[in-house]
Amino acid sequence: MDQIMHRLEHCYQLAEQRFARRFERPQVSLALRGQKAGVAYLHRNLLRFNARMYQENRDDFLRQTVPHEAAHLIAHALYGERIRAHGREWQALMTGLFDLPANRCHDYPVPQRRTTRYLYRCGCPDGIPFTAQRHALVRRGRQYQCRRCTNLLHFTGQQLTTD
Ligand SMILES: [Zn+2]
Ligand SMILES: [Zn+2]
């Protein structure tokens, strides 16, 4: 978070020098999840960043994503409502002020929600993956019978992680 704030302050100071005016600093949150790296809330002067993507792509995130979102707020402060989000005003801030490519989107991998399954077997050729909840019930003595071969299902010791 410190590094994000530091990078952001740098962007704002560049803008203040260039445009010879003050820009109110935004509130910053790391509470964003999902597919977006960052979102600028123009009317709340708020930036939300994706903490997980930041952790996994720290250098590029600081270099590109933080100025990308800052440029949305600065463009809004300069030009108001009538500009397009990634229009030429925003692009000019990215390339002319921050000396960065005016990329609309990040290419960070989207973090996946990992789930663990527990592989069980009976007499059938294929194993059956159990959820963590079901596996926990077996540990407490519950028994499951295969409907096809009627053998009891037993844990193979194998865990599977799927996205
Ligand atoms: Zn954008
Ligand atoms: Zn079976």
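So, the centres of domain 1 and domain 2 are 49 Å apart, taken over C-alpha atoms. Domain 1 covers 2-97 and domain 2 covers 115-162, with bounds that come from an automatic or database domain assignment.

A word on what you're looking at: it's a predicted model, where local features need pLDDT of at least 70, side-chain atom pairs count only at pLDDT 80 or more, and totals for chains, interfaces and linings use all residues. Residues are numbered from 1 along each chain as its sequence is written, and chains are lettered from A and ligands numbered from 1 in the order in which they are written.

Let's start with helix α1, residues 2-19. Helices here are DSSP runs of H or I with at least four residues, strands are runs of E with at least two, and both are numbered from the N terminus. α1 has 18 residues and reaches 26 Å from its first C-alpha to its last, close to the 26 Å expected at 1.5 Å a residue. That expected span is 1.5 Å times one less than the number of residues.

Which residues of α1 are buried? They're Ile4, Leu8, Cys11 and Ala15. These residues sit on the same side of α1 because they cover an arc of only 60° around the axis, going by the directions from the helix axis to the C-beta atoms. "Buried" is 20 or more other C-beta atoms within 10 Å of a residue's own, "exposed" is 12 or fewer, and "partly exposed" is in between, with C-beta atoms placed from the backbone.

Covering the buried residues of α1 are, among others, β1 (27-29), β3 (46-49), α3 (58-79) and α4 (88-97); contact is C-beta atoms, placed from the backbone, within 7 Å. Just after α1, Ala20 has a positive phi of about 50°.

Now the strands, where a pair needs at least two DSSP bridges. β1 and β3 run parallel, joined by 3 bridges, and Ser29 stands opposite Arg48 in β3. β3 also pairs with β2 (residues 38-41), antiparallel this time, over 4 bridges, with Leu47 in β3 as the bridge partner of Ala40. The β2-β3 hairpin has 4 residues between its strands, and Asn45 in the turn has a positive phi of about 50°.

Last stop: β4 (residues 115-121) and β5 (residues 128-130) are antiparallel, with 3 bridges. Tyr120 is opposite Ile128 in β5, and the hairpin joins β4 to β5 through 6 residues.

Notes. Contact = placed C-beta atoms within 7 Å.
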